Amino acid sequence: MDKFARKSPIAEAKQTAGLSTRPVGATAEDDDIDEIKSAVLAKLALDLGKDASAATDRDWFVAAALTIRDRIVHRWLAADRASHAQGRKQVYYLSLEFLIGRLFADVLCNLGCTESFRAALGDLGVDLNRLRAAEPDAALGHGGLGRLAACFMESMASLGIPAYGYGIRYDHGLFRQVIRDGWQQEYPEEWLSFGNPWEFARPEAIYDIHFGGRVETTTSPTGAKRSVWHPAETIEAVAYDIPIVGWRGRHVNALRLWSARAVDPLRLDAFNMGDHAGALSEQVRAEAISKILYPSDSTPAGQELRLRQEYFFVSASLLDLVQRHVRTDGNLYFLPLRAAIQLNDTHPSIAVPELMRILVDLHGLPWDEAWRITVGTLSYTNHTLLPEALETWPVELFGRVLPRHLEIIYRINTQHLEAAKLQDPATSDSVESISLIDERHGRKLRMGHLAFVGSHRTNGVSALHTELMRKTVFGELHAIYPDRIVNKTNGITFRRWLLQANPDLTLVLRDLCGDAVLDDPTQMSRLADYAEDQGAQQRIRAAKRANKVALARLIIERLDLRVDPDALFDVHIKRIHEYKRQLLNLLETVALYHAIRAEPGRNWVPRVKIFAGKAAASYARAKLIIKLINDVATVINGDPVVRDFLRVVFLPDYNVSLAERIIPAADLSEQISTAGMEASGTGNMKLALNGALTIGTLDGANIEIRDHVGAENIFIFGLRAEEVEERQRASLQANSAIGSSPKLGEAIEAIEAGAFSPDYIVRYAALMNALRRADSYMVTTDFDDYCAAQRSVERLWLSPFDWTRASMLNIARMAWFSSDRAVSEYAEDIWKVPVERASNREQEQTS
């Protein structure tokens, strides 16, 4: 060989790192490990320009991620080719949030490559767990809505359903939460500062998105009238794809995220005239759309930005999928047979008029045919009954930003009302309640109504939520379209929330139930056979304690606070909102604190109260609740009298990665929302799956969890949804509940008197006054029952055998709450697409 001949990059990288030749007799696994090492070193050298000796943890993470990505791409392209060749129907999942968290461990787990990569990186002197920590959480969501979308995307890939997720590529997410002096402060998340190794830029997928301007009505020579939109502003939507890998790597789908940019990034004339800031104004205005999730809508400018943001991603997504359909099928009349578009909550409801605009204005379809296609293609998931979450837009604002769409909505509304009257003449008396326009409060568009009318199916996300939809928020529409509302109870992906988050428990389940649990969650039911077996119980307790020790270590690292891993870990991790009732938990904590101080010699159950969650930046009362949690924590944690019995922890910046640390360590799961206000919840499912017992109201999916795990293995308290509604109708005051509960009165008075805010005594006066007066969320009414349920928790905790038995039965009976089950139901009943179920006997077991 010519001595000047160039070696391959992989060979050069191996030689530089001093890798020895593989010995004779090495196994295929050794081959894979050597291949991984070579590939990682090549990525490090050629993609990052780094030598192994100088590489940081982030450099190694990026090199490893790019190596993994290479393994995904061929599967991805093959799955895409096969779907097109077979003419399979595509699912398009539109969501403003996709809370995918970190992908490194997720992809390795689903590919079955975790141990191979651990060994390969270990040979290179790199710790896999350090690399996992080097990956930032993808800042693409906030709470349960985004996490559900992520679970569904993973399940669709695992079930072999061809799908695209569509969302926004936020530069800075919601916000990074920092707690200073007990107060939440918001800072931008920086997850994209140094790029995202998982994504592929798609410069060929750029769409013009229009705003403002005017609509002109033209008449053709045949007399047909046509509306022509002359927009005043155009920005570009640029696509970035992230591959979503299904279980065992059988199928890969795309999560397509849109980034906003100006058509002209710089006005050179203004720049050269010295107006350097003004020259960038159009770029700044355009890019604001994809800067952050949920910009505050407390100002008119904020409201407009939210509307622009929602339309931006919906328009780009629909233009993209329609173009794909035309390219592959050619006939838009067949769109409902080739595409199913799922609107995840009310944010994408503008898809109804936008799809009509695309079909009628851009492709020339007759109105009636376009409406048939639109309704047949769209379906809508409602996630809330709270009025503030069912979006409405002022007609004036909407018409100014999207004048053509307002025209389309008016026509849809006229057609809808006329059809309703034809069906039932008595409907004329309820026109106001079924109209897409709310005329009572300053003329607003009801986006929930629009999504309902424009979709062939509207689903709730738990049995109770769906029933309440039929009776309340969509009651009149349900009477007109009685077959449209269906229930699809939420689910979670067990791959993320059990296999990855809790490997110790997973190992126990594999030993007791067999490796089949990895592919078939129903096999977990076999754990019930061991619920009273002392040896099995000991293993379950050991796995839990290991997770609690790990969480205790994290609490020391982040808060410099020591907690006892043998104490009861009482976990309340949710978005901070009054209806989720962190305040109820906190009042009971204060009452418990008072009781311990009064009788420090009693045999108290040691307890660690763990809170985490973000409050919306403009939600002042929720932010005040965070401050109260931290103030209470300061007093309780600093009191030597209660130090051995009670600790209060608030872990800042709650995200997927933090949830993966907290959930496996939880003993008690707080699911205490006001009955009738939580649509479903998925945190309740994750915690129960990991062996936490639930204390909760009969709200959302708590009801179905009770039905599956058994009423004796869950702690239910409080008013039912119908009782809450009755009290709200009667406008009953909270004073009677406070007067009849000395513990509650004492807790409220202590907070009012400044016991936890000596620096500013009246800080919580208004918060406590709200409890005394309206108490819209039934905190005072449910307080005594909640306290009684907590005492039941303590009694069971004092019997480790009975507690562990209940914990094991929770785990064993959670299989129904898999997102694979939920997605299969959507596929069968709503999307009309087949799912692929591979037998676990045919699959190589994951190590």
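Strand 17 (residues 568–573) and strand 20 (residues 668–671) run parallel and are paired over two bridges. Here two strands count as paired if DSSP finds at least two bridges between them. Helices (H or I, at least four residues) and strands (E, at least two) are DSSP runs, numbered from the N terminus. This is a predicted model, in which local features need pLDDT of at least 70 and side-chain atom pairs count only at pLDDT 80 or more, while totals for chains, interfaces and linings use all residues. Residues are numbered from 1 along each chain as its sequence is written, and side-chain values use heavy atoms, with hydrogens and water left out.

Within strand 20, Ser669 is the bridge partner of Val571. Strand 20 also pairs with strand 21 (residues 693–696), in the parallel sense and over four bridges; there Gln671 stands opposite Gly696. Strand 20, helix 26 (residues 683–689) and strand 21 together make a right-handed β-α-β unit. Right-handed means that, with the strands pointing away from the viewer, the path from the first strand over the helix to the second runs clockwise.

In a regular strand the side chains alternate between the two faces of the sheet. In strand 20, Leu668 and Glu670 point one way, Ser669 and Gln671 point the other way, and all are buried. Buried means under 20% relative accessible area, exposed means over 50%, and partly exposed lies in between (1.4 Å probe, protein chains only).

Strand 2 is joined to strand 1 (residues 90–94) by four bridges in the parallel sense, with Tyr92 opposite Tyr164. Strand 2 is also parallel to strand 9 (residues 252–262), and that pairing has five bridges; Gly167 stands opposite Leu257 of strand 9.

Which order do the strands take in the antiparallel open sheet of three? The order is 12-14-13. Strand 12 (392–394) and strand 13 (437–438) stand at the edges, each with a single partner strand, so one side of each has no neighbour in the sheet. Strand 12 and strand 14 (residues 444–446) are joined by three bridges, and Pro394 has Lys444 as its bridge partner in strand 14.

Turning to helices, helix 12 (residues 351–362) has eleven of its twelve residues buried. Just after helix 12, Gly364 takes a positive phi of about 70°.

Most residues other than glycine have a negative phi, and most peptide bonds are trans. Arg248 has a positive phi, near 65°, and is not a glycine. Arg248 lies in the loop between strand 8 (233–245) and strand 9, and counts as buried because its relative accessible area is 12%. Asp653, also not a glycine, has a positive phi of about 55°. The loop between strand 19 (646–650) and helix 25 (656–662) holds Asp653, which is buried because its relative accessible area is 19%.

How many disulfides does the structure hold? It holds zero, a disulfide being a pair of cysteine sulfur atoms within 2.5 Å. The closest cysteine sulfur to that of Cys109 belongs to Cys113 and is 10 Å away, so the two are too far apart for a bond. Cys513 is in no disulfide either, and its nearest cysteine sulfur, in Cys109, is 17 Å away. Cys109 is buried at 10% relative accessibility, and Cys513 is buried at 0%.

Phe271 sits in helix 8 (residues 268–272) and is partly exposed because its relative accessibility is 34%.
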